[in-house]
Amino acid sequence: MKANPRDVNSGTYYMDGDVAAGYGALAAGCRFIGGYPITPSTEAAETFARIAPKAGAVFIQMEDELGSIASIMGASWSGVKTMTITSGPGYSLMMEAIGLGAMIEAPFVILNIQRGGPSTGVPTKTGQADMMQARWGSHGDYEVIAIAPDSPQELFDYTIKAFNLAEKYRCPVMIMSDECVGHMSEKVVIPPAEEIEIEPRRFYNGPKEKYLPFKPDKDLVPKMVKAGDGYNLYITGLIHDERGYPIKNQIEKGKSQKLPTRRLVDKIRLNADKIIELAEEGMDDAEVVVVSYGISYRVAIRGIEIARGKGIKVGHLRLITVWPFPDKKINELASKVKAFVVPEINYGQVVFEVERCSHGQANVVLVPHGGAGVHDPDDIAEAIEYAAKEKKKIRKVIEWKTRLEKFVFEGGYKLNK
Amino acid sequence: MNPIITAFTNGIKKSGLELSKVVVVSDIPFEPEVIKEIGVDFFHVTRGRAIAFGTGLKLGNPDLKIVAFIGDLMTLGGNHLVHSGRRNMEMLVICVNNFVYKEIAGTLAPSVSPGFSAFSTFERPFNAPHLANSCGAIYTARWTAMHTNELANSIANALDKRGFSVIEVLAPGPNFYKDINQVNYELLDFYYKNSVTKNNVDTRNVEITSEEKIVTGEFTDKEKSPFIDTYNAQLGKILGDKFIPLGGQSGRD
Amino acid sequence: MGTLKKAEKDIHPMDDLLRMDRIPHIWCPGCGIGTAVTAFAAGLAKAEIDLKKTCIVSGIGCTGRVAGYVKLDSFHTTHGRGIAFATGIQVANPDLKVIVFSGDGDLISIGGNHFIHAARRNVNMLVICINNFIYAMTGGQVAPTTPLATYATTSPFGCVEPPFNIPYLADSSGAVYVARWTALHVRRLTNSIAEALKKPGFSVIEVISPCAMYYSRINRLGDGLDMMKFYHDNTEIRHGEDTKNLDIGFQTKITVGKFVDRERPTYMDSYNKWLSGTKKD
Amino acid sequence: MKTNSKAVMTGTHILIGNEACIEGAFYAGCRFLAAYPIEPAIETIERYLKRSADVGATFIQMEDEISALAAVIGASWTGKKSLTVTSGPGFSNMMEHLGLGVMLETPCVIIDVQRAGPALGIPNRVGQADMMQARWGSHGDYEVITLAPSSPQEMFDFTIKAFNFSEKYRTPVIVISDEYVAHKKEKVIIPLADGIKITPRRYFKGQKDKYLPFKRDKDFVPRMVDIGEGFKFHVTGLTHDDKGYPIMLEECQEYNVHPILWKIRNHVDEIIEFQETGTEDAEIVIVYYGATSEVALKAIKQARDLGIKVGGLKLDVVWPFPDKKIAELAEKVKAFVVPEINYGQIVSEVERCSYGNANVVFLSHGEKGIDNADDLVSAIKLALKEEKIKKGIIEYQNQAGRA
């Protein structure tokens, strides 16, 4: 299906990432955003509020993030595409509802423009420290899809892709961007509507009385209907069977009982190969591979340049989808290369996944950054150099001591001038 | 069956609404059979978020009629209640009040520890109709679960209105939140006998106290532009032809 | 306060009430928060309460920064949870007097639930709510206090939601002391704060404050001074007015005054009564 | 039965896990509980209320879990040891304030009685699927200490340990229990009041005007004072300096947040606790915690009877994770078997730390009932059969197969 021309403001623009995400949401067919202002994501909400009414879409500013996410799930089941926009603290408040979204299989998108944390942290500056939260933040077992765009253009493109994935797999899809990308102004090309591919909702077409809201198709994803179409829906956040009816309490002694929640994780795990999107460069003869995502990807490019200037063979693997994690790809690379270098704007999150998947075959070096800024490319280059030289297999994540750390803790940096 | 559900079923029938357009959002689990029998769509959501969820449903499809059951006596969901009242979001909220009020119930009260009831027993409960009224609800009422007919009429009246309506239902049960069918009939009867119906009284005067009888009745009944109308009017005024109003067929895919 | 020289700083009468090492503050020219903080400091001095046993909690936002400038035990917490945080402090140590100083978006929007519940419980605290009709820290989004048809960045075609009448909400939830002043009424605000500080129970003082950077700019209302002139010409003091008549529209008359002053047992009173009851059993 | 103080019920009792947990809290000196009732943690609140008048402890039922944890953090700054109890859905709501607790470096304890999830799940059925959430649930970088008790006695002991850790490292500590342990009724021995060492709060003792709320000692832990003592301190959830004043610079972010992680990461050896059963000669090691402990011991016995050399590693402290111990074992053993009542959480940590030296077999335990060891024994057999080291986790599935 192609996008509706009414929703697509085609043209070439100079805009920041948040604004591009707002345009992307509308182009993807989003009809409802429930949001709550939080720096640095507000521009996306403001953009949508401005352009939505002309396309029959609505923006409502809810009383809090708990309300925002509950409202978009309701709107999703009323038959429209929905999104909410937030940043770290708001994202933390949404955690309970993300579980509900996974459970009632409501397709929706969360745009998280990450900032420096924890707690209130540094609201106006960047961070990438919600990555593990995206995967593990709600209680119970569930799987999500998370995408990390690296430019305003990608915030447009991947917002559309996020909606498409949400509709296809009926699960929460997170766009894990960050303040740097969100507030970066660059050229954004919005293509004509006929060039934008839109995944329609998987509506059920059979006889009404035969509809089972949680009966999966072959790819483990069930079909949906709209509330108010006479299907007499019973949808619950309790663990339910195919009809949607809650499953009664304890397992009877001696009887085997598989919970239907298993499908919620399987539908992503078994389709992981179809979902995962990676970009790689210079991998053929690489000794060291830099694994990066989001804004760190763009900083790492410079770091790799410096390292290559010193004659080191470096490959660059970019995680466009961070979750589900590309286990196989990392494992495969690990058997070929000496080490991975993972620059991320946190003190170690995705790097542990790289460590896990490398199965002790390659060293793993973390180049950390606490947030409120991006890496110094020299740090990345030096870490690559070290990784290429290190002959020992080191049984832990090697945390690279950055210039910033040295400056703050050893360089006599004075906070209270 | 639980008397509230009986009243609800009767109320919906009386209102003459098209049942397929009615969506019930609740944070109390209903028996699936009951929902099948009534013939509405049903969503059981996380605690306290029924009203917010209903807001999304309504704005996603303005043709729907939303009924939100909240079983936690506005604890977790208090914020959504006051703000939806302010917006005059078109929905009916049935607030099931299950608190166990020792003083009123006297010897009849089960010796329930405060942790069990929605509020610790020494805390003053909300005057729910007054709070709703002060936030802008266009219809407020209070009944005990034994007022089956009155409650059914009230539900029918509220469903007839366009705006945010709140009906408080007193239905004592030790842990109603867990199971809607746990009703203490003895206590319910006590509540019923100790209530007095006063329609149209000022909501300030309907606080539940240990000294006076519980005031039941329909308290507020006014007209106010519902959210979607205000939204369409304001944006239509500013944007003119460029605006695609909510609820118009053209606006929906 | 922003440009005090060192010599002047040393003799500033509020030196012991404000954290002078944090001055200059973050607020924009024409903002009313600074005035409210001055009134608060004066009120603290006037009330003659034990400042050692007084602490201040703020949430997030422009007003949320107040806690950082007041020289009491001060807490800058998460968005909307100032009252909940303060409830914990008060109940854990009832000897303390807690002031929650925050903005409309923080206290009424995201913190609305804690606001009504703390009022219902009648937890002993003073809530000072700066109402500037907009989210200023994040750049001018619509707030639950934004008057109908008023512009904000997330209501680019005019606000479509009726605003809260904060005194009415506080009153109907059970607050024992409710007043409203503007940033112009410094003396009356100071007196009101001093009075409310001594009052046991949940007290609310709403302070209407100009936001020259966003609210006035987006709606073309001039600068901070113009707003002060507007308050001067368009406010009416009506003590004891029924709280339900206190709605504020876009540039309509604003009724100010002390509206509610009543007695109700505080949370700790009821709690201790209940506790002594259980002890007997 | 003899009691030497009203707070400490010295003696031998028959208690359920939830009750034992509250006894532990009182023993550790906890005097403030803010909570919102939720299955299956309700008995904790009941027990607390029943005893609160005698102990002189305060309880407040807040309007939701968000405010419950906010109140607990506030109360902790008044000098009272504070506690909140919840289950999965409430725990999710607490995530934002877990971050605040970390940033304000406030000692407090959160009891999470896990139930089947996600969303509402099944309220009174056991689950172990909040394990990763405990570590990663809040936004931003932080480290937590998480203890997983497996019996009422451990509920008592670990709650005390949790309070001790929280005071020692000035951080929120999570006791992650589950419905099975919380409702299990067993003998609990409560020692004399001075029988277990209680870590006191690290108070600042210098001059009032010299107090800096985030000035760190050598072990990176700053010192605390109480509200109302006249220190006039300021603390904020924003990135801050030693004074607690916000500074929005990357240097300050590094200065503020990195030591928050170091104070845990540099002390992992002092924090981590585990129990080993027959690992000396083991070919297969079961890694387990909480509710699956009983069944793991049963399986070890059954497998040993069959002649399989099986050992067990019980994680008392789950976070920080015992990386070194697992890596060390991985070099000796053939495989790890990890039974969890979820679809794979801690098992991925075991995979990470085994560095390709041992196979990792995962069993989503519980399909045949929590105390049925059949699946686990079969999983052990599967692990034994596998000769080559596989890339990735091997999942044991019984005949029922995938859904």
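Visitor: How many residues does the contact take from chain A, and how many from chain D?

Guide: In this predicted model, the contact takes 71 residues from chain A and 68 residues from chain D, where two residues are in contact if their C-beta atoms, placed from the backbone, lie within 7 Å.

Visitor: Which element gives the largest share of the side of chain A that touches chain D?

Guide: That share, six residues, comes from H5(A), and among the other elements giving two or more residues to this side are helix H4 (88-93), strand S6 (122-126) and helix H15 (403-409) of chain A. By class, the side of chain A that touches chain D has 26 nonpolar, 30 polar and 15 charged residues.

Visitor: What makes S7(C) and S8(C) a pair of strands?

Guide: Two strands pair if at least two bridges are found between them, and six bridges join strand S7 (residues 177-182) of chain C to strand S8 (residues 202-208) of chain C, so the two strands count as paired. They run parallel, and C:Arg180 stands opposite C:Glu206 in S8(C).

Visitor: Why are S9 of chain C and S10 of chain D called edge strands?

Guide: In the open sheet of nine strands, which has mixed pairing and the order S9(C)-S10(C)-S7(C)-S8(C)-S4(C)-S3(C)-S1(C)-S2(C)-S10(D), strand S9 (235-237) of chain C and strand S10 (234-236) of chain D each pair on one side only. Neighbouring strands of this sheet are turned by 20° against each other on average, direction ignored.

Conventions:
Residues numbered from 1 in each chain as written. Chains lettered and ligands numbered in written order. Predicted model: local features only at pLDDT ≥ 70, side-chain atom pairs only at ≥ 80, totals over all residues. Helix = DSSP H or I, 4+ residues; strand = E, 2+ residues; numbered from the N terminus. Axes fitted to C-alpha atoms, helices over the stretch in contact; angles between N-to-C directions. Nonpolar A, V, L, I, M, F, W, Y, C, P; charged D, E, K, R; others polar.
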